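Hello,

Here is the structure for you to look over.

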Amino acid sequence: MFWTLFKILAFVAVVIGLAFGAGQLMDSGQTVGLRIVDMEFELGPVQAVIALALLVLAVWLGLKLVGLLVSVLRFMNGDETAVRRFLAHNREKRGLDALLAALLAQASGDGKTAVAKAEKAHALLNRPVITSLLIAQSAELKGNRALAEDHYKRLLGDTRSRFVGVQGLIRAKLDEGDTEKARMLAQKALDMQPAHEATQNTLLKLQTDAEDWQGARKTLQIKKSSGHLPRDVYRRRDAILALQNADALAASDNMARAREAAIEANRLSPDLIPAAVAGARALVAQGKGSYAAKVIKKAWKVQPHPELASAFAAIEKDETPLQRVQRFRKLLALHPDHAETRMLKAELLIAAEDFPAARRALGDLVTTAPTLRALTIMAAVERGEGADDAVVRGWLARALTANRGPQWVCTKCQHVHASWQAICDNCGAFDTLEWRDAPDSAGPSATQTELLPLIVGSLPRPPEDGDSVVAGEVVIDDEGDAPVDHKSA
């Protein structure tokens, strides 16, 4: 408030001073003589003050005109001037307007307009990273791969945009079907930013598709180290990659390293059924049957599976059916009430020709879980006990339309596989196969495990007159012999 009062008093004092000065000047009666060429002028006090003010204004305008003339000359000479700054500002404004229009067109899905506006912005603005990125993305939207690839390559020259440029080139190579070049670029992108999850996933898929199992294991390790993969999932997938590497080594006749890789896969994930089977077979080949039995038992304890039973049977190939029944007792005791255990036990007893015990082992599975395999085993029991052909055919007829039971099913696309695989044949997903019931799974199973001849000890033989064929695979002859699965045997 004091400051406001001070300003008012100062203004009043200035006005009073000017009025007093003007009055004194007018009362003085003095004149000012002014001679211009041959003309003389006498100016009164007030006129002189006005003339002085006009003279100052004229000098100021003259200086401004001289400055404008100098600016024009400098502009024509190429120097930075206010005129040039004005034109540059106008150019930048038009470039920003074109950039905004390109972004809006891209967001609305109009690739053609987005490319046109982005190229206009590229010509007007001195921002090559922004405009090249926008042109490349708009060209991708339009489907102009050549233009997109050209501008992604331009981004490689700037350290700020190099990673984005490599990502764009990866997409371009994948669109062209050049997966080898895309894999090399993905490796380079991962070297730039190891913690980038999308790049990790892209490279991992390209490596698994190319069967580069060692490279895939390194990428998986980086993925786990960057916190994008839980430890248990990492160990399982690393085991799968080690198992695939074992298959590749075996295919190249490097059996020693293949066995070591299979054993490593089992060590990484003991409950992974394919790894347990491969590890057990590798140990048997090395003469370590007792260790192989421990591997199978450990996996069976987590989940009983017919492939585990086959691997366990292969540990002792020359034993009699009764010896096999005795050896399997410890394995069967781990899950005595599991459906797989009961069917396995029934098969072993059928091979030993103890059909009443096989019936007791099978129990009520034919009513509570009437799968193709359970019903086929029941038909074998009936034949072994001397039942009429009509009874046996009745069980076999039911088996033909029964549920096939658990199979290897892809959790992503629900495709059923005849055997376990690391990559789904149908959708290409990695580590998605699960042992479970498949929807609408009537008829013979894809895994052909209605009976397991390696377990029951039967030998394959060609069909003879009077044989009954079950689902194109299982054969039970009229003399009461044990069933035989010709394909899986």
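Arg-91, Arg-94, Lys-117 and Lys-120 form a positive surface patch. Patch residues have over 30% relative accessible area and no salt bridge, with like charges joined within 9 Å. Helix H3 (82-107) and helix H4 (111-124) each supply at least two residues of this patch. Arg-91 is found in helix H3 and is partly exposed, at 39% relative accessible area. (Buried is under 20%, exposed over 50%, partly exposed in between, with a 1.4 Å probe and protein chains only.)

This is a predicted model: local features need pLDDT of at least 70, side-chain atom pairs count only at pLDDT 80 or more, and totals for chains, interfaces and linings use all residues. Residues are numbered from 1 along each chain as its sequence is written, and side-chain values use heavy atoms, leaving out hydrogens and water.

Salt bridges next. The whole structure holds 25 of them (a side-chain nitrogen of Lys or Arg within 4 Å of a carboxyl oxygen of Asp or Glu).

- Arg-237 pairs with Asp-431, N to O 3.3 Å. Arg-237 lies in helix H11 (residues 231-251) and Asp-431 in the loop between strands S4 (416-417) and S5 (433-437), so the pair ties together parts 194 residues apart in sequence. Arg-237 is partly exposed at 24%; Asp-431 is buried at 14%.
- Asp-389 meets Arg-383 at 3.0 Å, N to O. Arg-383 is buried, at 9%.

Best wishes

Conventions. Patches are made of residues with over 30% relative accessible area and no salt bridge: like charges are joined within 9 Å, nonpolar side chains (Val, Leu, Ile, Met, Phe, Trp, Tyr) within 5 Å. Accessible areas come from the Shrake-Rupley method with a 1.4 Å probe; for residues, only the protein chains shown count as cover. Lys and Arg count as positive and Asp and Glu as negative; His and the chain ends are not counted. The place of a charge is taken as NZ of Lys, CZ of Arg, CG of Asp or CD of Glu. Helices (H or I, at least four residues) and strands (E, at least two) are DSSP runs, numbered from the N terminus.
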